[in-house]
Amino acid sequence: MKRAVIYARTSYDDRDNDSRNLRGQIEMGREYAEQRGYRVIAEMPESERGASGASIDLPVLNQIREMAQSGEFDILIVRELDRLSRNLAKQLLVEKELEQAGVTIEYVLGDYSDTPEGQLQKHIKAVIAEYEREKIKERMLRGKHLKLKSGYVVSGHCPYGYRITKDDAHAYFEIYEPEARIVRRIFDQYIKGITVTQIKRRFVTEQILTPAESGNYFGVNKQRGPYEWSRTSIYSILNNQAYAGIWHFGKTGSGETIPVEIPAIIDLGTFEAAQKRKQHNTRHNRRNRKHQYLLATRCRCDRCKTAMSGNTYFITNKAGERIRHQHYRCRAAMGQVVKDCDAPTFRVDEVDYTVWCWVEERIDDDQKFTASLQKIQAEQKTTNAPLLKDIETIDGLISDERKKLERLLDMYVEDDEIMKEAVENRKRKYLHVIRSLQRQRAELDAEVEQNFLTDAQIESARNYARKIRVGMKKARQNFAAKRQLIEILNITADLIAVTKKEKYVRIRCIIDPNGETIPIKSTSSLFQYRT
Ligand SMILES: [Zn+2]
C-alpha cells in the first residue's frame, strides 16, 4: 500500500472559502487518498502564519521535502498546483526534487481552465512543450546527421562540378562531367606549379564558362564579363575538400559542420598536394616580400583623388642583374578603378625619403613634438565629448548592476535550496546584464582607441622620435618602427605631378591637418629597409 502525505496551505484570498481553507483542503486530500487506496501517514497543513506561495519560507513544505529525502512516503497529495508555489521555477524545482526522491505529486483538482491556477498550469505545459520541442529538434538533427552520413544531401549549396539529383525520398550530389573536367584541370595544373593567375588567363582565353555562368551556383555576378574567371573562384575550388569526396554540411566557420561522403572528382592525394603547394607558395611569398611601402594605404592621387598603391617589378639589365623598380601608382590610372586619370607613377624610394625627412624634421625637438601631440590630444577631448559621455553612462549602469548583485548576494541563505535557486537565477540575470554592458564598454573603448591619441601612443611616438634623433641607424632602418610612427602621426600623402618631372607631395598629419606641400626629392641612393 502506497504511503501518502497530505499537504495544505492557504493564501490570503482563500480564507473565506470553505473548500480552500486548511481543513477543506485536508478533507479533500483524505477523500482522494481513500478512493485510490493510499495509506495517509501524515496530514501536514502549513500554519496560517505561513506566508503566501510567493514567499520562500514554507517550513512545513521544507519538512516534507526532508521526509521525501529519507524515503518516508511515496505520494504527496496537494489540492492544486499552486499549493507548492506560485512561482513556476520554484514549483518545478520542488517537483523535480521530490521526483528524484521517488515521490509522486498528485493534485486533487485536475481541471484548471479559467482560473489563475489554470494559467499556471498552462505555463508549465508551455515549459514542457518547449522541452519537447527541443527534444524533437535534437532528434531531427540526429536524423539529418544519419541521412547525411549515408550520402544524402539535405540542403546547402551544390558545389561547382556537381548537380543535385533527387529520387523519391532523397537528394544527393552527382558529378557533372563538363565542370568536373575543369576542376581536375585546376588541381593538376596548380600542382605542376602553374600559378592561379596563369590558370585564370588560360580559362579566359579558352572561353570556359565561370561557375556563375555554368550553373548559377553563387548567383551570377553581373559586374564580371563572360568567361571572366577570378582568382578567388579558382582558389575556392582549390580549397574545397568536396572534390576529394568529403563535403562539409553546415555553416563554415561555425565549427559545427558535418562531413558527408560524396562522389570524388579528384583523389585525396591530389587534394593534399594542392594544399601543400599553397602553403609553400604562401611561405615563399612572405619570404620574398621585402618590398615594403612606407605610405601603403596612405597616399592618394592628387589628380583624381583615388587611392594609390605600391607596385614592385623587376627588370633584368644588360649586365644580367635583376633590378627592382617600385612605384606608387594611381589605381584609376592603372584601370583598377573606373575613372579617367593620366597621373604618372611616383618612385617609392623618392616619395618615402621625402616624407621621412619631413617627419624627422617634425620630431626633431622633443619638447615641441610632445607639446604638439598633447595639444591634439586636448582638442580630441572636445570633439569626442559625446563618446566620453556614453562611456560615463555605461560605467554608471555597470556599477548600478553590481550594487544590485551585491545586495542579492547579501540575501543568500546557504541551506535553503529554493532560496538558493532563486538567488542563482537572479544572479545569472544580473551577470547577463553586466556582461552585455561590458561588451558595449569594450566597443566604446575600441572607438576611443581609434579617435584618440592615447598617452601610451604619445609615449611610443616620443620613443621612436628619440631613437631616430640620436641617429640610431637601427631605428632608421627598421621599417616597422617607421611605419608605426607614420600611423601614430596619421600621415597621409597626396602625390602631385605638375609635369612628368616636376612632382610634389602634400603631407598631412595629426600635427598639421592642412598639410604642407613640398617637392619630392630625387635621390639616386635607394632608400632601403632591412627587416
Ligand atoms: Zn589618379
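This is a tour of selected sites in the structure, with what to select at each stop.

**Before starting**

The model is predicted, so local features are described only at pLDDT of at least 70 and side-chain atom pairs only at pLDDT 80 or more, while totals for chains, interfaces and linings use all residues. Residues are numbered from 1 along each chain as its sequence is written, and side-chain values use heavy atoms, with hydrogens and water left out.

**The whole chain**

Start with the protein in cartoon view. It has 16 helices and 15 strands; helices (H or I, at least four residues) and strands (E, at least two) are DSSP runs, numbered from the N terminus. Of the 531 residues, 38% are buried, where buried means under 20% relative accessible area, exposed over 50%, and partly exposed in between (1.4 Å probe, protein chains only). A contact means heavy atoms within 4.5 Å. Among contacts between residues at least 6 apart in sequence, 62% join residues at least 24 apart.

**Stop 1: Met44 in strand E2**

Select Met44, which lies in strand E2 (residues 39-45). Its relative accessibility is 9%, so Met44 counts as buried. Now show what touches Met44, not counting residues up to four places away in sequence: Val5, Ile6, Tyr7, Ala8, Ile26, Val60, Gln63, Ile64 and Met67.

**Stop 2: helices H5 and H6**

Select residues 177-191 for H5 and 196-206 for H6; their axes come within 10 Å and cross at roughly 140°. Axes here are lines fitted to C-alpha atoms, for helices over the stretch in contact, and angles run from 0 to 180 degrees between N-to-C directions. The crossing is right-handed, a term for the near helix being turned clockwise from the far one by less than a right angle, with left-handed for anticlockwise.

Which residues of H5 and H6 meet? From H5, show Ile182, Arg185, Ile186, Gln189 and Tyr190; from H6, show Val196, Ile199, Arg202, Phe203 and Glu206. The residues of this contact divide into six nonpolar, one polar and three charged. In this count Ala, Val, Leu, Ile, Met, Phe, Trp, Tyr, Cys and Pro are nonpolar, Asp, Glu, Lys and Arg are charged, and the others, Gly among them, are polar.

**Stop 3**

Move on to Gln207, in the loop between H6 and helix H7 (211-215). Its phi is near 55°, a positive value in a residue other than glycine. Gln207 counts as partly exposed because its relative accessibility is 49%.

Then select Trp229, in the loop between H7 and helix H8 (231-239). Is Trp229 buried or exposed? At 2% relative accessibility, Trp229 is buried. The C-alpha atom of Trp229 is 9.4 Å from that of Ala212, and the two residues are 17 apart along the chain.

**Stop 4: the zinc ion**

Select the zinc ion together with Cys301, Cys304, Cys330 and Cys341. The SG atom of each of these cysteines coordinates the zinc ion, at 2.2 to 2.3 Å. Donors are N, O and S atoms within 2.8 Å of the metal (3.2 Å for Na, K and Ca); water is not among the atoms, so sites may look incomplete.

The angles subtended by the four donor atoms run from 97 to 117°, and therefore the arrangement is tetrahedral. The rule for four donors is that all angles lie between 85 and 135 degrees. Along the chain the donors follow the spacing C-x2-C-x25-C-x10-C. Cys301 is buried at 1% relative accessibility, and Cys304 is buried with a relative accessible area of 12%.

**Stop 5: Leu387 in helix H12**

Select Leu387, in helix H12 (residues 385-410). Leu387 has a relative accessible area of 9% and so is buried. Leaving aside neighbours within four places in sequence, Leu387 is in contact with Leu444, Glu447, Val448, Asn451 and Phe452. Leu387 and Glu447 are 60 residues apart along the chain, and their C-alpha atoms are separated by 8.4 Å.

**Stop 6**

Finish at helix H16 (residues 479-488), where seven of the 10 residues are buried. To see them, select Phe479, Ala481, Lys482, Arg483, Leu485, Ile486 and Ile488.

Just after H16 comes Asn490, with a positive phi of about 50°. Asn490 sits in the loop between H16 and strand E13 (492-497). With a relative accessible area of 41%, Asn490 is partly exposed.

Key:
Tetrahedral: all angles 85-135°; square planar, octahedral: opposite > 155°, others 65-115°.
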